[in-house]
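Here is a short tour of a multi-chain model, meant to be read with the structure open beside you. Please have a look at the sequence and the coordinates before reading on.

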Protein chains: 4
Amino acid sequence: MINYTDKQFQILKTAEELFALKGFDGTSVRDIADEAGVNVSMISYYFRSKEKLMEALFEYRMGHIIMRVETLLKDNLMGPLQKVNVLIDDHIERVMDRQKFYRILFCEQILNKNPMIIEIVNNYKKRNIAIITELIKDGQKKEVFKKKVDVVMMLNTMIGTVAQTMVSLDYYKDAHNLQDMPDAEFATLVKRKLSIHIKTLFKAILTYEA
Amino acid sequence: MINYTDKQFQILKTAEELFALKGFDGTSVRDIADEAGVNVSMISYYFRSKEKLMEALFEYRMGHIIMRVETLLKDNLMGPLQKVNVLIDDHIERVMDRQKFYRILFCEQILNKNPMIIEIVNNYKKRNIAIITELIKDGQKKEVFKKKVDVVMMLNTMIGTVAQTMVSLDYYKDAHNLQDMPDAEFATLVKRKLSIHIKTLFKAILTYEA
Amino acid sequence: MINYTDKQFQILKTAEELFALKGFDGTSVRDIADEAGVNVSMISYYFRSKEKLMEALFEYRMGHIIMRVETLLKDNLMGPLQKVNVLIDDHIERVMDRQKFYRILFCEQILNKNPMIIEIVNNYKKRNIAIITELIKDGQKKEVFKKKVDVVMMLNTMIGTVAQTMVSLDYYKDAHNLQDMPDAEFATLVKRKLSIHIKTLFKAILTYEA
Amino acid sequence: MINYTDKQFQILKTAEELFALKGFDGTSVRDIADEAGVNVSMISYYFRSKEKLMEALFEYRMGHIIMRVETLLKDNLMGPLQKVNVLIDDHIERVMDRQKFYRILFCEQILNKNPMIIEIVNNYKKRNIAIITELIKDGQKKEVFKKKVDVVMMLNTMIGTVAQTMVSLDYYKDAHNLQDMPDAEFATLVKRKLSIHIKTLFKAILTYEA
DNA sequence: CATGAATGAGTCTTCATTCAT
DNA sequence: AATGAATGAAGACTCATTCAT
């Protein structure tokens, strides 16, 4: 994990903002430099190229994410379902709190142009699947979970539902006339809705007999 | 619905291909022209601008989509759950068969730069919600569905799960060592998996008492 | 003098309008075609090229002008000063009534890119000088005009004053709060002002002893 | 008043040259760049756009002009007519010495497309009228000038005569077989002719009783 | 005779990057 | 270490004209 100076971090943050807003190709290094209040040449100087800047952003954000997940499941006091629920909340929390970055992530995943980023994303996915698989096997052994569970689909539902909810936030706000609700309150509302919804889904897949 | 000449359609198709692959801003009109085997100026000539080309693509694809949905639910022989299942299969079918277009759609939805496209998408979403809401009310009246159903979340799950599955296809293929499976067969496999998965989820939300 | 069909004349008229408004290079053949309600290819078809269209316009307008001047001075009942005054009024009338064309003419004269047009203009100027010189010599013989008269400067004053007045019309209207005066009335007003002004100037140069 | 670097000034000068020769729309930024010996992108880099380059040129030249006029009339030793004469000579000098710029100015005035330039020109005109009006009122108070004077027409005559003379220089040279006269000498000749001519005109309008 | 489709050269501008300092 | 100037390549788009029908 590289330690960035204030200026470097400022660039990174601005890049995240603009990439999320206008896409990688829709954002010029000049845009970033202007918005960040630094000279254009600084970007090449610090990050080598626009592409490497993007990769630096991914490394920075993904690094932080992975570290958080690690410790979460070592707890021995929680049951399997409880752990799954924690995982769900953790994911919701993470995505909703880092919406800008996740917008970039989803876009990049769709286009999958940059192989370096694809690899980062795939590694992350692999880890997640491994962890969840482990968890579920444990739950099956303890006979809390049913035998046939499609982990990949389950994850796709979690990730996809949260993503789709995130990109529809504006629409949701408009549709429910919540324009005046404070952002923080609205975020909490959505998170709670998501949490209940996905937990219900997962419980259905994992525990009920079809 | 405009009738396109062969050449115009060729451009439209190529644009879809490249936009899906490299994004709107990552694709130059020259790329499209070269790939489509036409002169660069033809694009401006036929579609006025790169942006209008994109919009033309959206109008073309969305027009076709909307027409299909319309007739689907007028059938009176099917029960509410059956209709929901038909809707799910229709959505899966549509997205998986038009992956390129849906990649563009998801990207645009994330970035939401072009207001004209946002409107098209929102209208589509509004229609879908209206249709499903109608369907569910009918099911509730007939006492097949439970009382409290969050339609928006349900749709987000359907759309999100399919989307997430689509963008993970490569990963999925690799993870399951299915590189040698013929594309058509693989597509059928994924569609079936998705169908079962989402139907299970929906049945749980709609019918089981929590 | 070529006889133009309705369509050809329509093009010619539209070209005059647009050349006067946006200059030759600022006007595209497509602009002209659209405004004239004809197909783009018609312009090349009828006039060979954009440049030839301009030349056709000049031939058409200049031809008409020359014809009018010709007969004006054969009258034997008018004295020399009276004839000069008629010439002044004729010039004012012509320029003010064909402002669009004269805008093009002045611009082309300033830039003098097209040699063919320069020649047309120079021929016209030569004729004017010849006629006036003749007139003045006659006046000098009759001892109505003083001996030393700079014909070229005199003409420059007439042409220049009218031109400068024409291009300043908008400013003039604004400066004198005449925005509400009907166009025809305003035109008459300006013409009268110009007429008196230039006649006064010419009388001073031609008759008074300095 | 911006201070331009050598390179920027070189571009400005070349632009003036080419705009005067081929008009604004007839001159491409590539023309300017090539002629000025700089990279094409430098023009956008320094001046933002071709249009802004034109405006920069106008600001530069008009700024210099206005500064000169300012001090001219504060002199208390000259009489009103003398001051008018100084003004005439100043105008002649200015236009003849900056022919290129004034060609552009006249063209722009004719087409009046760029509102920013129109404003600059109108302001200049307003100032001139104000100054001259002041001068003439003074002359009337001192009973050197007659009561009724049309200041606007007077200015139109001065400006128009000089302009018309300038654009006819080539013709004039040819007509009088002065092709061999050195440029400087020819310029002096024309300036003197113009000076005498316009002073005569103005004296007639201002002092003689009609 | 008249025209809609088509084109390649050209338009201005912006791009990410490099260079000299 | 940091930066303002500079650049060539590429961006989308418009141009006047031609050609097949």
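## Charged pairs between chains B and A

In one of them, the side chains of Asp150(B) and Lys193(A) come together at 3.0 Å, N to O. Bear in mind as you look that this is a predicted model. Polar contacts between chain B and chain A come to 16 residue pairs, with both residues at pLDDT 80 or more.

Which elements of chain B face chain A? Those that give two or more residues to this side are helix H1 (6-22), helix H6 (99-111), H7, H8, helix H9 (169-175) and helix H10 (183-206) of chain B. H8(B) has the largest share, with eleven residues.

The contact draws on 44 residues of chain B and 45 residues of chain A. Together, chain B and chain A bury about 3,900 Å², and carbon and sulfur atoms give 65% of that area.

## Two domains within chain A

Chain A itself is divided into domain 1 (1-54) and domain 2 (78-206). Taken over C-alpha atoms, the centres of domain 1 and domain 2 of chain A are 28 Å apart. Eight residues of domain 1 of chain A touch eight residues of domain 2 of chain A. About 700 Å² is buried between these two domains of chain A, 62% of it from carbon and sulfur atoms. Glu16(A), Ala20(A) and Met54(A) supply 62% of the area that domain 1 of chain A buries against domain 2 of chain A, more than any other three residues.

Two salt bridges also cross between domain 1 and domain 2 of chain A. One of them joins the side chains of Asp25(A) and Lys113(A) at 2.5 Å, N to O. On the domain 1 side of chain A, the elements giving two or more residues to the contact with domain 2 are helix H1 (6-22) and helix H4 (50-72) of chain A. Of these, H1(A) brings the largest share, four residues.

## How chains C and D are related

Now turn to the other two chains. Chain D superposes on chain C through a rotation of 179° with 0.0 Å of shift along the axis, at an RMSD of 0.1 Å. That is the relation of a two-fold axis. The same surface serves both copies, as 100% of the contact residues of chain D recur in chain C. To find the axis from chain D, go to Gly160(D): of the residues of chain D, its C-alpha comes closest to the rotation axis, at 1.9 Å.

Most residues other than glycine have a negative phi. Where do the exceptions Glu143(B) and Asn177(C) sit, both non-glycine residues with a positive phi? Glu143(B), with phi near 60°, lies in the loop between helix H7 (115-141) and helix H8 (151-167) of chain B. Asn177(C), with phi of about 50°, lies in the loop between helix H9 (169-175) and helix H10 (183-206) of chain C.

Are these residues buried or exposed? Glu143(B) counts as exposed because its relative accessibility is 69%. Asn177(C) is likewise exposed, at 62% relative accessibility.

Terms used. Residues are numbered from 1 along each chain as its sequence is written. Chains are lettered from A and ligands numbered from 1 in the order in which they are written. This is a predicted model: local features need pLDDT of at least 70, side-chain atom pairs count only at pLDDT 80 or more; totals for chains, interfaces and linings use all residues. Side-chain values use heavy atoms; hydrogens and water are left out. Buried means under 20% relative accessible area, exposed over 50%, partly exposed in between (1.4 Å probe, protein chains only). Copies are superposed by least squares on the C-alpha atoms of residues with pLDDT of at least 70 in both. Contact means heavy atoms within 4.5 Å. Domain bounds come from an automatic or database domain assignment. Buried area is the accessible area (1.4 Å probe) that two parts lose on being put together, summed over both. A salt bridge is a side-chain nitrogen of Lys or Arg within 4 Å of a carboxyl oxygen of Asp or Glu. A polar contact is a pair of N or O atoms within 3.5 Å; within protein, one must be able to donate a hydrogen and the other to accept it, and residues adjacent in sequence count only if both atoms are side-chain atoms.
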